[in-house]
Amino acid sequence: MNIAIVGTGYVGLVTGACFAEMGLRVTCVDIDRDKIEMLSNGIMPIYEPGLKELVEKNTRENRLFFSTNLTSVLPEVDIVFNAVGTPPDEDGSADLSYVYKVAEEFGKYITRYTLFVTKSTVPVGTSKRVKEIIKEELRTRGQDIPFDVASNPEFLKEGAAIEDFMKPDRVVVGTNSPKARLLMEKVYRPFMMNNYRMIFTDISSAEMIKYAANAMLATRISFMNDIANLCEIVGADVDMVRTGIGADQRIGNKFLYAGCGYGGSCFPKDVKALASTGRQNGYVMEVIEAVDRVNDRQKTILFDKLNDGFGGDIAGKTIAVWGLAFKPETDDVREAPAIKVIEKLLEAGTGVKVYDPVAMEETEKLLGDKIVYSSDMYAAAENADAVMLMTEWKQFRLPNWKKVRKIMNGSHVLDGRNIYDREELEQLGFTYYRIGG
């Protein structure tokens, strides 16, 4: 079977590589000629563990191809997966212009039955509009070529995307077409060998499932951060609280870790888009709106702790930031708490030295030479008045604290992910701050 993936961002590239690995002939399409040339030469535009090797292998074995021209591959493919970006507009709603543009091109140039699958995260009703656009283009051509549309949201975790795709806990497909259902069952059958995990729904429900899933996870994070902040006030320990409530099987222990806020390309965008969808339909999503507000506040909590620790006078201080990506095993700094904190530090007149194993290049695109990029975590901490941990990379888990204490000017350690031992650091003379007690 031949398929095309439109969009070579995070979702599109992982999807294409994983389908190719299972034997499909896949063409990844993108209008960005430089990106396509990079991919054709084995250069990855994103960091994701194992992705480079998978792309190189399937390119070499003639299962994975790259093109800037969807029109040229349409006659050969059975399915087009649309995985283009849906960036947020100023009001938080999803910008669907790229999705609709692909639908227009699809309608203009299909020559036989083809299935159009929306993999981008889109609001409820988008696939209905996509179908109308394709029909309009076919009417303009005076053609009556059969096609179907389907929704197939992705549930990939950055840093573990290949494993998630290869061993999905579920594959959601929204369609009302028996033919489309059979095609989707065929392309996903290799991933379902050990356990049948395909969930078929109507299209609107599939579109909502993606937003609801991310909003639920974001809600758990913001809920625990709210609890953590109250724990500090009343003298409780949020880790003990987390353990206590996570043992309840009705709650479970996933996504109950307090910290300095969530970021990335999914949770912030999808929470805002879901809230916007509610407003557009005359309904206020009270819980979701609060989740977003709590997270915005949480992103600056370490800055507030630092400022209070220095009596409101941090101008001229040097702050080391460990970790820039919004989570480990990715170079994604979109909506990352570290970026928000660094911007606040710069506004306050501090010097900032940073280290991240893979995300410094992406950070430099945003912040340029406003900060110092260090060769390792110790170089960042040298002569610093405080160290802030923002991303819990494995190499940050067991620092040589005696060395850190010796090379720092100050003694403040701010733990945005609650991974350090308070007693150990305080015995070494550090002033230690964490989230939630």
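The model described here is predicted. The buried positions of H11 are Phe 267, Pro 268, Lys 269, Asp 270, Val 271, Ala 273, Leu 274, Ala 275, Ser 276, Thr 277 and Gly 278. Among the elements that cover these buried residues are helix H9 (203–234) and helix H12 (286–298). In its geometry, H11 (residues 267–280) reaches 20 Å from its first C-alpha to its last, close to the 20 Å expected at 1.5 Å a residue. Just after H11, Gly 282 adopts a positive phi of about 75 degrees.

At the level of the whole chain, the secondary structure comprises 18 helices and 14 strands. The C-alpha trace spans about 75 × 45 × 40 Å along its principal axes. A compact globule with 437 residues would have a radius of gyration near 22 Å, and the 24 Å of the chain agrees with this expectation. Buried residues make up 54% of the 437 residues of the chain. Among contacts with a separation of 6 or more, 73% are accounted for by residues 24 or more positions apart.

The second largest pocket was then examined. Its volume is about 150 Å³. The lining of this pocket is formed by Lys 272, Asp 296, Lys 299, Val 333, Glu 335, Ala 336, Ile 339, Lys 340, Glu 343 and Leu 366. Helix H14 (residues 337–347) contributes three residues, the largest share of the lining.

Ser 411 counts as buried because its relative accessibility, 16%, falls under the 20% cut-off. When residues up to four places away in sequence are not counted, Ser 411 touches Asp 385, Arg 405, Gly 429, Phe 430 and Thr 431.

Key. Residues numbered from 1 in each chain as written. Predicted model: local features only at pLDDT ≥ 70, side-chain atom pairs only at ≥ 80, totals over all residues. Heavy atoms only, no water. 1 Å grid on protein atoms, 1.4 Å probe; cavity = no way out; pocket = protein on both sides within 12 Å on 5 of 7 lines; lining within 4 Å. Points joined across faces, edges and corners; volume = space filled by probe spheres on them. Helix = DSSP H or I, 4+ residues; strand = E, 2+ residues; numbered from the N terminus. Buried < 20%, exposed > 50% of the residue type's maximum accessible area, 1.4 Å probe, protein only. Contact = heavy atoms within 4.5 Å. Expected span 1.5 Å × (residues − 1). Rg over C-alpha atoms; globule rule 2.2 N^0.38 Å.
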